[in-house]
Amino acid sequence: MTDLPAVSLSLGAVVTFIRASDKRSLAWAIVAGGLAGLASQTKYTGLIVPAAMLLYAIVCGRFWLGTVAGAVAATVFMLWELFLFTRYGESQFLWAVTHPFPDSLNKLEMAKALFLNIGATNVCVALMALA
């Protein structure tokens, strides 16, 4: 299921970082990093956003802006996890990393569900490919 706040924060971070890269603005890079950190905390798939911003920065030759945005995103992410640890005695992210899926989970059933869920979009992709 798509988490709209995470997607919104992720896209906002990427767009803000592209603006920072175009204007060579440190302030916009910091804002983009903050948004990326919030996106990462909203849903852990948002952890890809700082890597995407860094890749964009490398391609555009503005590595320092990508580093700043990534550092801000990591700081926001780690500070929130530290807050959770001090408040509840356990970090949600560290718990998720140290407790993998049980072995009883059938991988074949998961793959079948994946193909059933994306099957409707495959028709659209096939028609676009034929066009």
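When I say contact today, I mean heavy atoms within 4.5 Å. Please keep in mind that this is a predicted model, in which local features need pLDDT of at least 70 and side-chain atom pairs count only at pLDDT 80 or more, while totals for chains, interfaces and linings use all residues. Residues are numbered from 1 along each chain as its sequence is written, and side-chain values use heavy atoms, with hydrogens and water left out.

Let me start with V49, which lies in helix 3, where helices are DSSP runs of H or I with at least four residues, numbered from the N terminus. V49 counts as buried because its relative accessibility is 8%, and buried means under 20% relative accessible area, exposed over 50%, and partly exposed in between, with a 1.4 Å probe and protein chains only. Leaving aside neighbours within four places in sequence, V49 is in contact with S10, A13, V14 and A36. The C-alpha atoms of V49 and G70 are 8.8 Å apart, although 21 residues separate the two along the chain.

Now to R62, which sits in the loop between helix 3 (48-60) and helix 4 (63-88). Which side chain of opposite charge is nearest to R62? That is D22, at 5.9 Å, and R62, although buried, has no salt bridge, a term that requires a side-chain nitrogen of Lys or Arg within 4 Å of a carboxyl oxygen of Asp or Glu. The R62 side chain does, however, reach the backbone oxygen of S21 at 2.9 Å.

Finally, I30 belongs to helix 2 (residues 26-42) and is partly exposed, with a relative accessible area of 39%.

Conventions: Helices (H or I, at least four residues) and strands (E, at least two) are DSSP runs, numbered from the N terminus. Lys and Arg count as positive and Asp and Glu as negative; His and the chain ends are not counted. A polar contact is a pair of N or O atoms within 3.5 Å; within protein, one must be able to donate a hydrogen and the other to accept it, and residues adjacent in sequence count only if both atoms are side-chain atoms.
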